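This report goes through one protein model, from overall confidence to single residues. Please keep the structure in view while reading.

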Amino acid sequence: MTAGDSARAFNDALDDAAARTTAPPPPVRVARKHHLLVRVSHWLNVLLLTGLIASGVSIYRASPVYQHDPDPQSGNFDYFADAGIWICAHVPGQHHYPRPPDWIYNHVSLGPYMLAPAMRLHWCCVYLFMLNGLVYLAGLLLGGEWRSLLPRVSDVGGSLNMAGYYLGAPFAILGRRHRVHPRFNTKYDPLQRVAYFSVPVAGFLSVLTGWAIHKPMQLSWLAAPFGGFGRARVWHFWLMCTFVLFVVPHVILVFADGWDTLRSMVTGWSTRLGDGSSTNEP
């Protein structure tokens, strides 16, 4: 090989390396993810659930579902009041709180002795919540998203795998260990599908139990499947707890899953790599 041939081979190698270095990034495809009505009803639910829970806790204070024998000294019989007393006794900065039994009600509700305003706000939010639920269902039907929410038999094992992944994520971060996110060829992973399907069901049951409590005589037939008026109150209480338990990890996992998840619920569109490596359906 002559010197000229060597120089040309060297230049060709440099050109190939430069071409690989300046190659365009993988194409990004934009896919529609959420219908407009689904997005609007989703964000309205945030406001409505806040109003329902805040007013509901104020209503709860007037007649707690769970009670114990009155305390000999304070006369207290409410577990929420017990929690407030404990907080004021053990949390720094709260030792001089003027009314320890009312701590919970003053911080997560409209406040004690607010039964009438709480009832008005609660039923205003209830009617809007029911209307918003119809808007959400319309969005699911029009956008075809309802198919992605239907649970599948395989979701049992997949949900356990996803739960294990999320539970182990904090330890992986602290230990600086890289973990591979499980991949699924569906719009939602199995754990999301179970959670997102369960929440509308819980919302429907909360409306039924709420009406059964509100009209115990006229709607006794509605309270009967839940075990009567007293049991319907228990159902209603735990359904409220279900919403609280869903919202907190839901917000955490949305941020942990990346900006695209939050953006898609605002704009309705999701970006995906053109090679198909995504957890979203086409």
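## Confidence and overall layout

Confidence in the protein chain is lowest in helix α1 (residues 3–21), with a mean pLDDT of 56, and highest in helix α9 (residues 220–223), with a mean of 94. The model is predicted. Across the protein chain the mean pLDDT is 81, and 82% of the residues reach 70 or more. Over residues 273–282 the pLDDT stays under 50, and for this stretch the model has 23 contacts beyond four places in sequence. Where pLDDT is low, predicted coordinates should not be read in detail.

The protein chain has 11 helices and two strands. Their order along the sequence is α-β-α-α-α-α-α-α-α-α-α-α-β. Of the 282 residues in the protein chain, 31% are buried. Among contacts with a separation of 6 or more, 65% are between residues 24 or more positions apart.

## Helices α5 and α8

Two packed helices are described by the angle between their axes and the distance between the axes. Helix α5 (residues 115–143) packs against helix α8 (residues 190–214) at an angle of about 145°, and the two axes are 11 Å apart. The crossing of α5 past α8 is left-handed. On the α5 side the contact is made by Trp123, Tyr127, Phe129, Met130 and Tyr136, while α8 contributes Pro200, Gly203, Ser206, Val207, Gly210, Trp211 and His214. By type, the residues of this contact comprise eight nonpolar, four polar and no charged.

Tyr136 of α5, which takes part in the contact with α8, is also in contact with Ser41. Ser41 belongs to helix α2 (residues 36–62). Apart from its neighbours within four places in sequence, Ser41 is in contact with Asn132, Val135 and Tyr136. Is Ser41 buried or exposed? Its relative accessible area is 0%, so Ser41 is buried.

## Helix α11 and the residue after it

In helix α11 (residues 259–267), the buried residues are Asp260, Ser264 and Met265. They lie on the same side of α11, because the arc they cover around the axis is only 135°. An α-helix has 3.6 residues a turn, so residues three or four places apart point the same way. The face of α11 turned away from this buried side carries the exposed residues Trp259 and Val266.

Gly268 follows α11 and has a positive phi, near 90°. The loop between α11 and β2 (269–273) is where Gly268 lies. Gly268 and Val38 are 230 residues apart along the chain, yet their C-alpha atoms are separated by 9.1 Å.

Tyr113 is found in the loop between α4 (103–108) and α5. Its phi is positive, near 60°, in a residue other than glycine.

| Residue | Relative accessible area | State |
|---|---|---|
| Ser41 | 0% | buried |
| Gly268 | 1% | buried |
| Tyr113 | 65% | exposed |

The cut-offs explain these labels: buried means under 20% relative accessible area, and exposed means over 50%. Gly268, at 1%, is therefore buried, and Tyr113, at 65%, is exposed.

Note on methods
Residues numbered from 1 in each chain as written. Predicted model: local features only at pLDDT ≥ 70, side-chain atom pairs only at ≥ 80, totals over all residues. Heavy atoms only, no water. Helix = DSSP H or I, 4+ residues; strand = E, 2+ residues; numbered from the N terminus. Buried < 20%, exposed > 50% of the residue type's maximum accessible area, 1.4 Å probe, protein only. Contact = heavy atoms within 4.5 Å. Axes fitted to C-alpha atoms, helices over the stretch in contact; angles between N-to-C directions. Left-handed = near helix turned anticlockwise from the far one by under 90°. Nonpolar A, V, L, I, M, F, W, Y, C, P; charged D, E, K, R; others polar. pLDDT = per-residue confidence, 0-100. Arc of directions from axis to C-beta.
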